[in-house]
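Here's a quick briefing on a protein model, for reading with the structure open beside you. Have a look first, then work through the notes.

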Amino acid sequence: MLTRIRNANMVKHQIVQIPVTKMSIALAAILKEEGFIEDFNNYEEDNKQYLLLSLKYIGKSRKPVISKIKRISKPGLRVYSKSTTLPRVLDNLGIAIMSTSKGVMTNLKAKELGIGGEVLCYIW
């Protein structure tokens, strides 16, 4: 999902199509809540469900709102963080998306709740 968003952002596409999973729906909801995307919709084609993400751009030059997406925890090397050592992305100008026991959330919300988890990605 992250690579599809990154590639669509680089070529300034308005819409990106992503296969539906519980994780992709949770990530899309966080991206919309934090203002990185405009909206996302569910649609079905040939008995397969997809998410359509509307990417956000600034001004006439269409500068992407998402400057960078960096995957942190990978299948070969999982990265976990305690509640006391949660990551700060660009001095809290960006967000870290985490998978916790309470669901998928940003690092700021996890800090509020006092829980740690797996660091999925950084977005700024």
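D91 is exposed, at 58% relative accessible area, where exposed means over 50%, buried means under 20% and partly exposed is in between (1.4 Å probe, protein chains only). Its salt-bridge partner is R88, with the closest N and O atoms 2.4 Å apart, and R88 is exposed too, at 54%.

A word on the ground rules: this is a predicted model, so local features need pLDDT of at least 70 and side-chain atom pairs count only at pLDDT 80 or more, while totals for chains, interfaces and linings use all residues. Residues are numbered from 1 along each chain as its sequence is written, and side-chain values use heavy atoms, with hydrogens and water left out.

**Salt bridges**

- The structure has 3 salt bridges, each being a side-chain nitrogen of Lys or Arg within 4 Å of a carboxyl oxygen of Asp or Glu.
- As background, side chains of opposite charge can pair when their charged atoms come close.
- K32 pairs with D39, and their closest N and O atoms sit 3.0 Å apart.
- K32 is partly exposed at 38% relative accessibility, and D39 is partly exposed at 29%.
- E118 pairs with R78, the closest N and O atoms being 3.1 Å apart.
- That pair ties together distant parts of the chain, 40 residues apart: E118 belongs to strand β10, and R78 to the loop between β6 (69-71) and β7 (80-81).
- E118 is buried, with a relative accessible area of 12%, whereas R78 is partly exposed at 40%.

**Helices**

- Helices (H or I, at least four residues) and strands (E, at least two) are DSSP runs, numbered from the N terminus.
- Helix α1 covers residues 2-10, and its buried residues are L2, I5, A8 and N9.
- Looking down the axis of α1, those buried residues fall within an arc of 135°, so they line one face of the helix; the arc is taken from the directions from the helix axis to the C-beta atoms.
- Just past α1, K12 has a positive phi of about 60°.
- α2 has 12 residues and runs 17 Å from its first C-alpha to its last, close to the 16 Å expected at 1.5 Å a residue (the expected span is 1.5 Å times one less than the number of residues).
- In α2, the buried residues are S24, L27, A28, I30 and L31.
- Seen down the axis of α2, the buried residues fall within an arc of 160°, so they line one face here as well.
- K22 and E33 are exposed on the other side of α2.
- Just past α2, G35 has a positive phi of about 85°.

**The largest pocket**

- The largest pocket has a volume of about 210 Å³.
- A pocket here is an open set of points on a 1 Å grid over the protein atoms alone, where a 1.4 Å probe fits, with protein on both sides within 12 Å along at least five of seven lines; lining residues have an atom within 4 Å of a point.
- Grid points are joined across faces, edges and corners, and the volume is the space filled by probe spheres set on the points.
- Its lining is M1, L2, I18, P19, T21, M23, S24, L27, R71, L120 and C121.
- β1 (15-19), α2 (22-33) and β10 (117-123) each supply at least two lining residues, and α2 gives the most, with 3.
- By type, the lining divides into 8 nonpolar, 2 polar and 1 charged, counting Ala, Val, Leu, Ile, Met, Phe, Trp, Tyr, Cys and Pro as nonpolar, Asp, Glu, Lys and Arg as charged, and the others, Gly among them, as polar.
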